Amino acid sequence: MAGGSGQRAGGSLPKQFQELGGKMMLLRSIEAFREFDPECAVVVVLHPDFNNADVRDALVSADDTEIFFATGGDTRIASVRNGLAVANEIAVDAEAKVFIHDAARPLVTPELICRGAETAAPNIGAVPGIEVTDSIRYRTNERRTESVDRSKFVIVQTPQVFMLEDITKAYAAVADDAPLTDDASVAEKAGMEIVVYPGESTNIKVTRPQDFAIAEELLKGLSAKNK
């Protein structure tokens, strides 16, 4: 999913096209999936303003493998639905799994992807999550809050993994403007069971300008670990 405008991250280009460690951020996610499975089909959902020949050619030439493209919609739900439509067109296996991943999480690892693949099953969605380490409070109104047990909560990440047929049906049943913020919420609304698999603290979402500096340091650590 690379259909956002990325305005909060700053820069002249959406964050997914900016460089991280000398490489386009979007390419880092693609490479992690290729390392997990060199034969996997990659569908990139691009913002309408950037779904053009120049961007597509730059991605394909840099990755040196076939990439499929879809155009993002007015909402995330519409964008995912467009991506799933392309995935269904190219799927060769009736029992295919789809990994829905945000390009804003460029430090995803093949190991994390593998855990998601092993967890997802028919009518079971797999979602990476990490423990909440900060204290959190529930807002009851504009002024009042209440303490909650943080052990009952997890921070959700991507990739979120589903059987392609299951999640396609789930997305077909929701409106574009439904107040659902991730794929697991859409799947849950359709009656699917959601199982949380271990996420990674380094799998951060790059949203603000300062997140690039954090991601750069994490990338150095991951690179050193893999040497």
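**Entry 1: the patch**

For surface patches I take residues with over 30% relative accessible area and no salt bridge, and I join nonpolar side chains within 5 Å. The model I am reading is a predicted one.

Which residues make a nonpolar surface patch of about 210 Å²? I find Val154, Val156 and Val196. I looked up Val154 and found it in strand 9, residues 154-156. Its relative accessibility is 43%, so I log Val154 as partly exposed.

**Entry 2: aromatic pairs**

I moved on to the rings. A pair of aromatic rings is described by the distance of the centres and the angle of the planes. I count three aromatic pairs in the structure.

I started with Phe33 and Phe99. Their centres are 5.9 Å apart, with 70° between the planes. I file this pair as edge-to-face because the angle is over 60 degrees.

Is Phe33 buried or exposed? Phe33 has 11% relative accessibility, so I note it as buried. Phe99 has 23%, so I note that residue as partly exposed.

Next I checked Phe36 against Phe99. This pair is also edge-to-face, at 5.7 Å centre to centre and 65° between the planes. Phe36 is partly exposed, because its relative accessibility is 27%.

I then joined the pairs up. Phe33, Phe36 and Phe99 are linked by ring pairs into a cluster.

**Entry 3: strand 5**

Phe99 sent me to its strand. Which residues of strand 5 are on the covered face, and which on the uncovered one? Val98 and Ile100 make up the covered face. Lys97 and Phe99 make up the uncovered face.

I also looked for the pairing of this strand. Strand 5 pairs with strand 10 (residues 160-163) in the antiparallel sense. How many bridges does the pairing run over? I read four bridges. Opposite Val98 I find Phe162, in strand 10.

Methods: Residues numbered from 1 in each chain as written. Predicted model: local features only at pLDDT ≥ 70, side-chain atom pairs only at ≥ 80, totals over all residues. Heavy atoms only, no water. Phe/Tyr/Trp six-rings, centres within 6.5 Å; stacked < 30°, edge-to-face > 60°. Buried < 20%, exposed > 50% of the residue type's maximum accessible area, 1.4 Å probe, protein only. Helix = DSSP H or I, 4+ residues; strand = E, 2+ residues; numbered from the N terminus. Pairing = 2+ DSSP bridges. Patch = residues over 30% accessible without salt bridge, like charges linked within 9 Å, V, L, I, M, F, W, Y side chains within 5 Å. Areas by Shrake-Rupley, 256 points an atom, 1.4 Å probe, with all protein chains shown as cover. Salt bridge = Lys/Arg side-chain N within 4 Å of Asp/Glu carboxyl O.
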